[in-house]
Amino acid sequence: MAKYYVSMTDRVMSDWGMSKGKLNKLVLECDNLEEAEVVKRNAQDRSEMEDITIHKSKPTHNTKKYYTTYHGKSDYKRWYSPDRPFKR
């Protein structure tokens with residue numbers, strides 16, 4: 001089964017630490033489209049996340065402009081919860 005990826009710009013972490021002078025991109029790997037839609041909805045519930053997009057292949061970003069990290073369920077477990085853990 002094909003993987004999906006959800007990418008987003010983290011405005012809080014941009015231009016800080018490892019992403020100094022760059023936009024911070026977070027990419028989360030998903031097992032299917034339904035899971036990607038859950039992750040996207042959870043990202044939309046977080047005010048610091050922008051430019052949230054679902055991709056059918058692993059996205060890459062210009063390393064001169066973006067600092068990109070790739071993660072999955074093992075280290076970002078709450079993001080995959082359909083219970084909307086970040087909803088205010």
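Arg88 is placed in the segment after strand S4 (helices, H or I with at least four residues, and strands, E with at least two, are DSSP runs numbered from the N terminus). The model is a predicted one, in which local features need pLDDT of at least 70, side-chain atom pairs count only at pLDDT 80 or more, and totals for chains, interfaces and linings use all residues. Residues are numbered from 1 along each chain as its sequence is written, and side-chain values use heavy atoms, with hydrogens and water left out.

With a relative accessible area of 83%, Arg88 is exposed (buried means under 20% relative accessible area, exposed over 50%, and partly exposed in between, with a 1.4 Å probe and protein chains only). Arg88 and Lys22 are separated by 66 residues in sequence and by 29 Å in space, C-alpha to C-alpha.

Met49, by contrast, is buried, at 8% relative accessibility. Met49 belongs to strand S3. Apart from neighbours within four places in sequence, the contacts of Met49 are Met8, Thr9, Asp10, Leu26, Ala43 and Trp79 (contact means heavy atoms within 4.5 Å). Between Met49 and Thr68 there are 19 residues of sequence separation and 14 Å in space, C-alpha to C-alpha.

Helix H1 covers residues 33-44. Its 12 residues should span 16 Å at 1.5 Å a residue, and its end C-alpha atoms are 16 Å apart, which agrees (the expected span is 1.5 Å times one less than the number of residues). Glu35, Ala36, Val38, Val39, Asn42 and Ala43 are the buried residues of H1. Seen down the helix axis, these buried residues fall within an arc of 160 degrees, so they line one face of H1 (the arc is that of the directions from the helix axis to the C-beta atoms). The cover over the buried residues of H1 includes strand S1 (4-10), S2 and strand S3 (49-55).

The largest pocket holds about 200 Å³ of space. On a 1 Å grid over the protein atoms alone, where a 1.4 Å probe fits, a pocket is an open set of points with protein on both sides within 12 Å along at least five of seven lines, and lining residues have an atom within 4 Å of a point. Grid points are joined across faces, edges and corners, and a volume is the space filled by probe spheres set on the points.

The lining of the largest pocket consists of 16 residues, with Asp10, Met13, Asn24, Thr69 and Tyr76 nearest its centre. Strand S2 (23-30) and strand S4 (66-71) each supply at least two lining residues, and S4 gives the largest share, three residues.
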